[in-house]
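Hi everyone, thanks for making time.

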Amino acid sequence: MQRDLQNLRKNYSKGSLIEDSIPENPYQLFEEWFNDAKSHMSIDEVNAMSLTTLGIDGYPKSRIVLLKEIEEGCFIFYSNYGSEKGRSMDLHHKVSINFFWPALERQIIIKGDVSKVSRQKSLSYFHRRPRGSQLGAWASNQSSIVKTRAELEKQLEDYKIKFENQEIPLPDNWGGYSISPISFEFWQGRPNRLHDRFLYMMEGKEWTSNRLAP
């Protein structure tokens, strides 16, 4: 396959990020940008973020997961502990998440250290999920090879019968992850590729910020 994409271009002009306008705390700016994205009619799943981990094969891999909570400064999402990303995070505790909102010409890159949340917290969230999603967590041995779609759907039906008319328990291999940020990078598209980029770094107990060349 060969394809020339050199003429695919866009000139960014929807906003700016200037030294005098940025707060000292990156969480404040994240909150402002997240609320802007949440209220934008063209943005679906504002909480979708690209999670990058370093795989057990030594290669980085990114995939989209959903941010479910920010608690005490940590970004929380949920997944199967035995999945490829789960095994990667067991081995390498440093990850990156990326929020990209093209309609606003903005992205946020966050680096941090990841750990599992308590089982009690995972249980609380699990029981707030739709029943179908709870059953799906049991039916899918995430990242394992499945021969056919029918095999996967049969597993779901089997668990529907198994847990009929009862509360679905939390699987042992499913729960939450908490990312504690060490840096935030805010990117605002600007004309002529002179984008605005600001990097916040945690130094001691204080955040410092610097403009980065685009």
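Predicted model: local features only at pLDDT ≥ 70, side-chain atom pairs only at ≥ 80, totals over all residues.

Let's start with the helix pair. Helix α4, residues 131–139, packs against helix α5, residues 149–162, at an angle of about 115 degrees. Their axes are 9 Å apart, and the crossing is right-handed. Who makes the contact? On the α4 side we have Leu135, Gly136, Trp138 and Ala139. From α5 come Leu152, Gln155, Leu156, Tyr159 and Lys160. Sorted by class, that contact has six nonpolar residues, two polar ones and one charged one.

Now to Ser122, which sits in helix α3, residues 119–126. Is Ser122 buried or exposed? Its relative accessible area is 1%, under the 20% cut-off, so Ser122 counts as buried. If you zoom in, you'll see its side chain reaching the backbone nitrogen of Gly176 at 2.9 Å. Beyond its neighbours within four places in sequence, Ser122 is in contact with several residues, among them Tyr78, Tyr81, Leu170 and Trp174.

Last, the asparagines. Asn165 lies in the loop between α5 and β7, and Asn192 in the loop between β7 and β8. What is phi for Asn165? It is near 60 degrees, a positive value in a residue other than glycine. For Asn192, phi is likewise near 60 degrees. As for accessibility, Asn165 is at 75% and counts as exposed, while Asn192, with a relative accessible area of 65%, is exposed too.

That's my tour, and I'm happy to take questions.

Conventions: Residues numbered from 1 in each chain as written. Heavy atoms only, no water. Axes fitted to C-alpha atoms, helices over the stretch in contact; angles between N-to-C directions. Helix = DSSP H or I, 4+ residues; strand = E, 2+ residues; numbered from the N terminus. Left-handed = near helix turned anticlockwise from the far one by under 90°. Contact = heavy atoms within 4.5 Å. Nonpolar A, V, L, I, M, F, W, Y, C, P; charged D, E, K, R; others polar. Buried < 20%, exposed > 50% of the residue type's maximum accessible area, 1.4 Å probe, protein only. Polar contact = N/O pair within 3.5 Å; in protein donor to acceptor, adjacent residues only side chain to side chain.
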